Amino acid sequence: MKTTDLIKDSNQSPWQRGFLQNASETKDFESEPKIVELASFEAMMLPHLDAAHNLARWLMRNEQDAQDVVQEAYLRAFKSFSGFHGSNGRAWLLTIVRNTSYTLLKKNRAADLTTSFDEEIHASGRESVSPAAILEHAEDAELMKNAMNELPAEFREILTLRHQEELSYQEIGEMLKIPVGTVMSRLARARAKLREYLASRMSQEK
C-alpha cells in the first residue's frame, strides 16, 4: 500500500492528514524499507498527533517551532517504531515530542528551561479544582495563554500533561524520569505560579 493511499483513506482531521502528507514526502518515508510498517504506525500513533502538537505548542510557545518539533518527533517515532512493544502509544510519542522540544530549547532558549523551586515541598494527593478548571474552561483564552507562557518550560509541560492530556502521576513520572512525589511537588508549584500570574493580571484590570 502506498503512503498516499493511507492519507486518502485516513479518517484523521485535516491537520493530521496534512501532517502525514508532509511527512510522507520526506526521504525517511520513501527510502526506508520499513515503509511497510506505516499502516500499523498510523493506526497506533496518528490518533495522538493532536496531543503531540498540544504539548509541543505549550513547550515551544511558537506555532512554527511546534510544528517543526512534531514533524521531527513523528519521523523519529517512525524510525524507532519496530522497537516499540508497549501498549501506551500516546505516552511513548509524547516522550519523543518532549525530548525533541527540549533539544531545541537547549539550543535556542536555555534560560527558559528551568526555574528554582523546593523539591522538598510535596503536594497533597487532592486535585485543586481551580487550576484544572482554569486550564480546561478558562473564559479568557488569551489571558490563559499569556499566563502559561510566563511559566518556565517544566511548569508548562507538567500542567499540559496533567490537566489537558490527563496523564496519571505515574505516567508523567515515567515520561519525565522523576519520582511521583516530585511530579506532585512540581505540579503544585506550577499551579501556584499560574494562580499568582492570573491574580496579578486580574487585579491590574480592576
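**Reading the model, term by term**

Modeller: Gladly! Along the sequence, the protein chain follows the pattern α-α-α-α-α-α-α-α-α-α-α-α. This is a predicted model, in which local features need pLDDT of at least 70, side-chain atom pairs count only at pLDDT 80 or more, and totals for chains, interfaces and linings use all residues. Residues are numbered from 1 along each chain as its sequence is written, and side-chain values use heavy atoms, with hydrogens and water left out.

Colleague: What counts as a helix or a strand here, and how many of each are there?

Modeller: Helices are DSSP runs of H or I with at least four residues, strands are runs of E with at least two, and the numbering starts at the N terminus. By that rule the protein chain has 12 helices and 0 strands.

Colleague: What makes alanine 153 buried?

Modeller: Buried means under 20% relative accessible area, exposed means over 50%, and partly exposed lies in between (1.4 Å probe, protein chains only). Alanine 153 has 0% relative accessibility, so it counts as buried. This residue lies in helix H10, residues 153-164. Its C-alpha atom is 8.9 Å from that of leucine 105, 48 residues away along the chain.

Colleague: Why is leucine 159 called buried?

Modeller: Its relative accessible area is 0%, so leucine 159 is buried. Leucine 159 is also found in helix H10. Between leucine 159 and alanine 190 there are 7.0 Å, C-alpha to C-alpha, at a sequence separation of 31 residues. For the protein chain, buried residues make up 48% of the 206 residues.

Colleague: Why are H5 and H7 described as roughly parallel?

Modeller: Helix H5 (residues 49-60) and helix H7 (residues 89-108) pack at an angle of about 25 degrees, with axes 9 Å apart. Axes are lines fitted to C-alpha atoms, for helices over the stretch in contact, and angles run from 0 to 180 degrees between N-to-C directions. Angles under 35 degrees count as roughly parallel, over 145 as roughly antiparallel, 65 to 115 as roughly perpendicular, and the rest as oblique. H5 and H7 are therefore roughly parallel to each other.

Colleague: Which residues of H5 and H7 meet?

Modeller: Contact means heavy atoms within 4.5 Å. Among the residues that meet are Leu55 and Leu59 in H5 and Val97 and Leu104 in H7. The residues of this H5 and H7 contact divide into 13 nonpolar, 1 polar and 2 charged. Here Ala, Val, Leu, Ile, Met, Phe, Trp, Tyr, Cys and Pro count as nonpolar, Asp, Glu, Lys and Arg as charged, and the others, Gly among them, as polar.
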